[in-house]
Amino acid sequence: MASTPAVRALERASVPHTLHPYDPGHGADQGHGEAAVAALGADPRRVFKTLVTRVDGVLTVAVVPVATSLDLKALAGAAGGRKAVMAEPADAERATGYVVGGISPLGQKKALPTVVDESALEFGTVLVSAGRRGLQVELPPADLIRLARARTAPVARRGQP
């Protein structure tokens, strides 16, 4: 299995993790996060999607459970801004070095400010993209937060995928 910048960052930091490959075409009619959940048979509250936004014009990463949607207003506040909008996919890919559907909060080309939904702390481990479609990495949330230099805040809107 090809290594990614995210996997290399975990290995350099000696963070215990487990890789979960899956068929990225599984559930092609779904979003990338939902496809990962379906293919892996995972709890959608423990699988987190990485979303690139702009908070007051600054590219900012939000990491929220697949079972939820991002609360842009809450993200703006958590990031110390006034307004958040979703970033253009090309901007997200250029800044992170990953393709949409495989953007990891770890090992990005340019480390972006990152906010992880506080619900991650409810679990012993969470899953996030390992840097390519079809590959998730499971790791303790404290390690995710530390390596991504993230802050935690309630930025997920419950009950809406």
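Predicted model: local features only at pLDDT ≥ 70, side-chain atom pairs only at ≥ 80, totals over all residues.
1. **The pairing of β2 and β5.** Strands β2 and β5 run antiparallel and are joined by three bridges. Within this pairing, Arg 54 has Val 85 of β5 as its bridge partner.

2. **The pairings of β6.** Strand β3 (residues 58-65) runs parallel to β6, with three bridges between them.

3. **The side chains of β6.** Which residues of strand β6 point one way, and which the other? Thr 114 and Val 116 point one way, whereas Val 115 and Asp 117 point the other way. In a regular strand the side chains alternate between the two faces of the sheet. All four residues named for β6 (residues 114-117) are buried, that is, each has under 20% relative accessible area.

4. **The chain as a whole.** The chain contains five helices and ten strands. A compact globule of 161 residues would have a radius of gyration near 15 Å, and the 14 Å of the chain agrees with this. The C-alpha trace spans about 40 × 35 × 30 Å along its principal axes. Of the 161 residues, 47% are buried.

5. **The largest pocket.** Rolling a probe the size of a water molecule over the atoms shows where empty space is left. The largest pocket holds about 390 Å³ of space. Its lining consists of 23 residues, and those nearest the centre are His 32, Thr 50, Leu 51, Val 100 and Gly 101. Two or more lining residues come from each of the elements α2 (32-40), β2 (48-55) and α4 (89-96). Which element gives the most to this lining? Strand β2 does, with five residues. Sorted by class, the lining has twelve nonpolar, eight polar and three charged residues.

6. **The second largest pocket.** The volume of the second largest pocket is about 200 Å³. It is lined by 13 residues, of which Leu 106, Gly 107, Gln 108, Leu 147 and Arg 149 are the closest to its centre. The lining of this pocket has eight nonpolar, three polar and two charged residues.

7. **The cavity.** How many cavities of 30 Å³ or more does a search of the whole structure find? The search finds one. The largest cavity has a volume of about 30 Å³. Its lining is made up of Tyr 22, Pro 24, His 32, Ala 35, Gly 101, Arg 133 and Gly 134. By class, these are three nonpolar, three polar and one charged. His 32 and Gly 101 line this cavity, and both are also among the residues that lie nearest the centre of the largest pocket.

Key:
Residues numbered from 1 in each chain as written. Heavy atoms only, no water. 1 Å grid on protein atoms, 1.4 Å probe; cavity = no way out; pocket = protein on both sides within 12 Å on 5 of 7 lines; lining within 4 Å. Points joined across faces, edges and corners; volume = space filled by probe spheres on them. Nonpolar A, V, L, I, M, F, W, Y, C, P; charged D, E, K, R; others polar. Pairing = 2+ DSSP bridges. Rg over C-alpha atoms; globule rule 2.2 N^0.38 Å. Buried < 20%, exposed > 50% of the residue type's maximum accessible area, 1.4 Å probe, protein only.
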